[in-house]
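Please look through the sequence and the model below before reading on.

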Amino acid sequence: MLSWTVIDFGSQLSAGKELDNALAAIKWGTDYFIKAHPQANILYGQVGDGDADHACWQRPEDMTTPRTSYKIDEQNPGSDLAGETAAAFAAASIAFSKSDSDYSSQLLDHAKQLFDFAKSHQGIYQNSIPQAHFYSSSGFQDELLWAAAWLFRATNDKTYSDYLSSSGNTGGTRTMFSWDDKCSGAQILISKLILEGKAPSDGNWGSFKNQGEQFICNVVQKGSNNVKKTNAGALWWDSFNNLQYTTSTLFLTLSYSDSLSSAKSSLNCPAGAISSDRLISFARSQVDYILGKNPKGMSYMVGFGSSFPVQVHHRGASIVSIKQSSAQVTCQEGFNVWFNSQSPNPNVLEGAIVGGPDQGDNYTDSRSNFQQAEPATANSGPIVGVLARLA
């Protein structure tokens with residue numbers, strides 16, 4: 001999502017002197033992915049054991065839990081993991097195409113290899129890495145579409161357009177865009193290519209576009225199966241980390257609004273045509289809610305505004321910095337002294353987006369309230385582009 005931000009909103013990032021920071025953040029991740037992909041059909045997908053890690057509350061510098069590495073390969077496939085990583089590589093290759101062509105080419109090579117691996121050795125990754133049960137995948141067809149769409153965007157190669165045009169599954173109209181369900185993201189990416197005249201509009205292509213647009217219609221409350229809202233009007237999907245779905249969906253909405261505007265088109269919804277300006281206004285109202293215009297008067301971005309969560313469910317933030325105290329914090333000591341403390345976190349995790357309120361707009365600022373108080377990169381990654389576009 002950060003790469004997509006650079007691609008679509010790079011000029012805004014540059015104007016705010018944040019483009020280099022965005023590229024550095026992307027490279028931090030892609031450098032790791034390169035190391036995790038030592039051979040064409042080998043990809044390391046997890047380090048450590050989630051059960052052991054959850055049994056401890058420690059700073060990263062103090063961790064004593066096993067750092068065992070787990071991989072997928074030809075005998076133990078994971079098309080979802082390989083496909084998602086291929087998409088990440090392909091998107092990043094576009095993001096770096098102007099500033100570092102050699103690195104961009106390297107990323108694209110990894111993307112192509114992993115897409116081929118995902119197609120030729122199919123399977124769900126947690127069947128090969130049982131320790132990954134905390135993030136079990138519901139399937140891999142969406143990741144294959146997502147990867148093919150990004151590779152087509154990066155290369156304009158017929159190999160990937162043929163895959164998309166011949167796919168027996170275009171995803172249908174989805175109910176969310178998430179780490180586990182990439183269909184609506186692929187559909188909107190393809191729809192943008194169609195509006196730009198870089199892809200046809202018949203057959204599968206037309207289905208991708210119609211389904212992606214209907215998802216946006218449902219988001220902005222003009223569809224046939226509208227997304228639920230809280231009492232105060234915030235989009236609402238789930239009681240566990242709801243804002244991850246909000247930020248990713250708002251990104252799609254704003255990205256597509258710009259494509260509609262450039263094409264001098266509008267979004268045709270069951271409740272009527274929606275202009276790009278109205279899509280932007282809707283997204284802005286949702287961001288305003290996240291940043292404090294809500295019944296709690298609380299910003300759900302840590303460090304922003306006068307009131308924000310201070311007991312974020314985050315090990316590193318909740319324990320005193322090792323620069324202030326080098327004494328090791330043991331596994332259980334972390335729970336006894338820091339997790340169970342009623343004091344604010346000693347470190348402010350600036351910019352993090354927490355899970356957010358429930359459907360009644362209620363939020364309990366407690367470290368133990370992981371459903372609402374836990375931040376994630378799935379929350380903060382997409383909002384970078386959202387804020388860049390709205391700035």
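Which cysteine does a disulfide join to C56? The model, which is a predicted one, has C331 as the partner of C56, with a distance of 1.9 Å from S to S. This pair ties together distant parts of the chain, for C56 sits in the loop between helix 3 (50–54) and strand 2 (69–72), while C331 belongs to helix 14 (residues 331–339), 275 residues apart from C56. The link of C56 and C331 is left-handed, with -100° about the S-S bond, and both C56 and C331 are buried.

The structure holds 2 disulfides, and the other pair to consider is C217 and C269, whose sulfur atoms are 2.0 Å apart. Here too distant parts of the chain are linked, with C217 in helix 10 (residues 203–219) and C269 in strand 3 (residues 267–269), 52 residues apart. The link of C217 and C269 is left-handed, with -90° about the S-S bond, and C217 and C269 are both buried. When the bonded cysteines are counted along the chain, the disulfides follow the pattern 1-4, 2-3. C183, by contrast, takes part in no disulfide, and the nearest cysteine sulfur, which belongs to C217, is 18 Å away.

The axes of helix 7 (residues 141–155) and helix 9 (residues 183–195) come within 8 Å and cross at roughly 25°. Angles under 35 degrees count as roughly parallel, and helix 7 and helix 9 are therefore roughly parallel to each other. Their crossing is left-handed.

Is C183 buried or exposed? Buried means under 20% relative accessible area, and C183, with a relative accessible area of 6%, is therefore buried.

A last stop is S259, which lies in helix 11 (residues 243–262). With a relative accessible area of 7%, S259 is buried as well. Apart from its neighbours within four places in sequence, S259 is in contact with K192, L195 and E196. S259 and S276, which are 17 residues apart in sequence, are 8.6 Å apart in space when taken from C-alpha to C-alpha.

Definitions and conventions
Residues are numbered from 1 along each chain as its sequence is written. This is a predicted model: local features need pLDDT of at least 70, side-chain atom pairs count only at pLDDT 80 or more; totals for chains, interfaces and linings use all residues. Side-chain values use heavy atoms; hydrogens and water are left out. Axes are lines fitted to C-alpha atoms, for helices over the stretch in contact, and angles run from 0 to 180 degrees between N-to-C directions. Helices (H or I, at least four residues) and strands (E, at least two) are DSSP runs, numbered from the N terminus. Angles under 35 degrees count as roughly parallel, over 145 as roughly antiparallel, 65 to 115 as roughly perpendicular and the rest as oblique. A crossing is left-handed if the near helix is turned anticlockwise from the far one by less than a right angle, and right-handed if clockwise. Buried means under 20% relative accessible area, exposed over 50%, partly exposed in between (1.4 Å probe, protein chains only). Contact means heavy atoms within 4.5 Å. A disulfide is a pair of cysteine sulfur atoms within 2.5 Å.
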